[in-house]
Amino acid sequence: QVQLVESGGGSVQAGGSLRLSCAASGYTSSTYCMGWFRQAPGKEREGVAVIDAGSISTVYADSVKGRFTISQDNAKNTLFLQMNSLKPEDTAMYYCAVKSAAYCTPYLLLAGYTRPDYWGQGTQVTVSS
């Protein structure tokens, strides 16, 4: 059974940094995309950043470009999201997700044209002004 467990969320002041982690287990496919999504109260869930299995392609939402960096440690089956220069509008529940596919297009996953196969339970990020 696939499990995705996020950690690293918390409360921070604007301009601060946080690093989210997502530990994956029970997942054996070598072809996939993994990504971070977020949902703020009263808003729809949106893609934040997605990376392919080989870390060759990464895509970001325009709102986080230049501030957030997605990466992964394949040996440890862990996905990361380094978030710098945080803004109050970054406040949301952040979810890790994985899409298994023979060929996964990160942009399609980010934009919502394809859906992940598995989701984590989420970790809360709160940025105060």
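**View 1. Tyr94 stands opposite Thr123 of strand β11 in this predicted model.** Strands, which are DSSP runs of E with at least two residues, are numbered from the N terminus, just as helices are (H or I, at least four residues). Strands β9 and β11 pair in the antiparallel sense over 3 bridges, where pairing means that DSSP finds at least two bridges between two strands. If neighbours within four places in sequence are left aside, Tyr94 is in contact (heavy atoms within 4.5 Å) with several residues, including Glu6, Leu20, Phe37, Val48, Leu81 and Val125. Residues are numbered from 1 along each chain as its sequence is written, and because the model is predicted, local features need pLDDT of at least 70 and side-chain atom pairs count only at pLDDT 80 or more, whereas totals for chains, interfaces and linings use all residues. Side-chain values use heavy atoms, with hydrogens and water left out.

View 2. Strand β9 (92-100) is mostly covered, since 7 of its 9 residues are buried, that is, under 20% relative accessible area with a 1.4 Å probe and protein chains only, while exposed means over 50% and partly exposed lies in between. Strand β4 pairs with β9 in the antiparallel sense over 8 bridges, and Cys33 stands opposite Lys99 in β9. Strand β10 (residues 118-119) runs antiparallel to β9 and is joined to it by 2 bridges, with Trp119 in β10 as the bridge partner of Ala97.

**View 3. The largest nonpolar core has 29 residues.** A nonpolar core is a set of buried Ala, Val, Leu, Ile, Met, Phe, Trp, Tyr and Cys residues joined through side-chain atoms within 4.5 Å. The residues with the most contacts inside this core are Met34, Trp36, Leu81, Met83 and Tyr94, and the strands that each supply at least two of its residues include β3, β5 (46-52) and β11 (123-128). Apart from this core lies another, of 9 residues, among them Val59, Ala101, Cys104 and Leu109.

**View 4. An open sheet of 4 strands has the order β1-β3-β8-β7, with antiparallel pairing.** The edge strands, each pairing on one side only, are β1 (3-7) and β7 (68-73). Neighbouring strands of this sheet are turned by 15° against each other on average, direction ignored; the axes are lines fitted to C-alpha atoms (for helices over the stretch in contact), and angles run from 0 to 180 degrees between N-to-C directions. Strand β1 pairs with β3 (residues 18-25) in the antiparallel sense over 5 bridges, and Glu6 stands opposite Cys22 in β3.
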